Amino acid sequence: MQELRVVGLDDDGTSVVCEGASGRFLIPIDETLKAAVRGDLSRGVQTTIEIESVLRPREIQARIRAGATMEEVASLAGVPVERIKRFANPVLLERSRAAEMAALAHPVRGDGPMAAKLSEVVANALHDRGHTDTTEWDAWKATDNRWVVRIAWSVGKSRNEAHFKYVPGAHGGTATPMDAHAKELLDPDARRALRSIDSARTAPAEPADAGREAEERDDEAVVTTERVAGPRPDGGVRPARLREPGAVARSGQNGPHSAHRGRPEMPSWEDVLLGVRGAGHS
C-alpha cells in the first residue's frame, strides 16, 4: 500500500491534494473522509451505511419488523439490497418464528377460542372448498406492537389473503380474525357455501330403490317363463310349452290388466281327462 501525505487543498476547496512516490492525488472531501478524520470509521460497515443512507440500522430493522421488504427499505434508503441484509436477516427470522407460533394458536370465534389449531382449521377449510393447501404464512408487528399474521393462498390466477391478530400464550396463544376472509375460514357454513365448482359438479346419487325396482323387473321376466298345458282337438293333452320371457311386458302394453288377459286360461284336470275344451273354445 502506498503512503500519501497531505499537501493542501485544490483550487475550489472540494478535494485534498496528496502526494506520494508515484505523484499527486486528489481525495474528495465527502462524508466518508470527514468521518475518517473524526475517527468514526472505526465502527466499520455499520457507520458507512449510516452515512450513505437516510435510514439508520435501527430504523431499517423497525421497518422490516413492521412488514416492509428488504427491497422496499433499500429503495427508501438509497442503498443496494446487500447493504440491508445484515440488519434485516435477524428481524426476518423473528417474523418467521412468529408465523410458525401463530399456526399453533387457537382461532377465536364468537363463542370463544376453538380447540383446534389455526393451521388445522385453515387446512380443513381449503379442503372443504376443494382447494390445495398452498398457503404462505408471514407475520409482522402492527403500530400497537401486536403481531399480525397473514395467510395467503392462490386459486387459479386469484390470490387470497386472510389476516389474524396473534397473541402469544402459554397454550399456544390465540388468533383473532381481522377481515372477511379470515372469518370465512373459521365459519363452517361459509366454507360449505364457497365450495369450488368442480366439487359441486358431482353426479346425483342414484335412488335407493332403483336397484330394487330393477330386481323386481328381472323377477317378473323370470315369472313369465312358465309351463302352459291344454287339451288337444283330438281329446288328448296338449304338451306343456314355455312362454317366452317378456311376453307379459309386451302384452301388458294394452292396459294395466292386459297381462292377465293375454295369458291362456289354465284348464282344470277334469277337462283335461274328459277331453273337454275350455269355455273360451266351445
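Numbering starts from 1 along each chain as its sequence is written, and side-chain values use heavy atoms, with hydrogens and water left out.

Two stretches to flag. Residues 47–51 have pLDDT below 50, and beyond near neighbours in sequence that stretch makes 12 contacts in the model, a contact being heavy atoms within 4.5 Å. Residues 242–260 are also below 50, with 24 contacts counted that way. Where pLDDT is low, the predicted coordinates should not be read in detail.

On to the sheet. Helices (H or I, at least four residues) and strands (E, at least two) are DSSP runs, numbered from the N terminus, and two strands pair if DSSP finds at least two bridges between them. We get an open sheet of 6 strands with mixed pairing, in the order β5-β4-β9-β8-β7-β6. The edges are β5, 112–113, and β6, 136–141, each of which pairs on one side only.

β4 and β5 are antiparallel over 2 bridges, with Val108 opposite Pro113, and a hairpin through 2 residues joins them. Next, β4 and β9 run parallel, joined by 2 bridges, and His106 stands opposite Thr174. Then β9, residues 174–177, pairs antiparallel with β8, residues 158–167, through 4 bridges; here Phe164 faces Pro177.

β7 and β8 are antiparallel too, over 9 bridges, and Val148 has Lys165 as its bridge partner. Their hairpin has 2 residues between the strands, and Gly156 there takes a positive phi near 65°. Last, β6 and β7 pair antiparallel over 6 bridges, with Trp137 opposite Ile151. That hairpin has 5 residues between the strands, and Asn145 has a positive phi near 70°.

Now, which helices lie across these strands? Helix α5, residues 82–103, lies across β6, β7 and β8, at about 115° to β6. Helix α6, residues 118–128, lies across β4, β6, β7, β8 and β9, at about 20° to β7. Those angles run from 0 to 180 degrees between N-to-C directions, with axes fitted to C-alpha atoms, for helices over the stretch in contact.

So what about the core? I mean a set of buried Ala, Val, Leu, Ile, Met, Phe, Trp, Tyr and Cys residues joined through side-chain atoms within 4.5 Å, where buried is under 20% relative accessible area, exposed is over 50% and partly exposed is in between, with a 1.4 Å probe and protein chains only. The largest has 22 residues, and Ile151 and Phe164 touch the most other members. Elements giving two or more residues are α5, α6, β7, β8 and α7 (180–186), and α6 gives the most, with 5. Another core, of 13 residues, lies apart from that one, and includes Met70 and Phe87.

Back to Phe164: leaving aside neighbours within four places in sequence, its contacts include Leu118, Trp147, Ile151, Pro177 and Leu186.

Finally, helix α4, residues 70–77, where Met70, Val73, Ala74 and Ala77 are buried. Looking down the α4 axis, the buried residues fall within an arc of 100°, so they line one face of the helix; the arc uses directions from the helix axis to the C-beta atoms. Gly78 follows α4, with a positive phi near 75°.

Technical notes: Predicted model: local features only at pLDDT ≥ 70, side-chain atom pairs only at ≥ 80, totals over all residues. pLDDT = per-residue confidence, 0-100.
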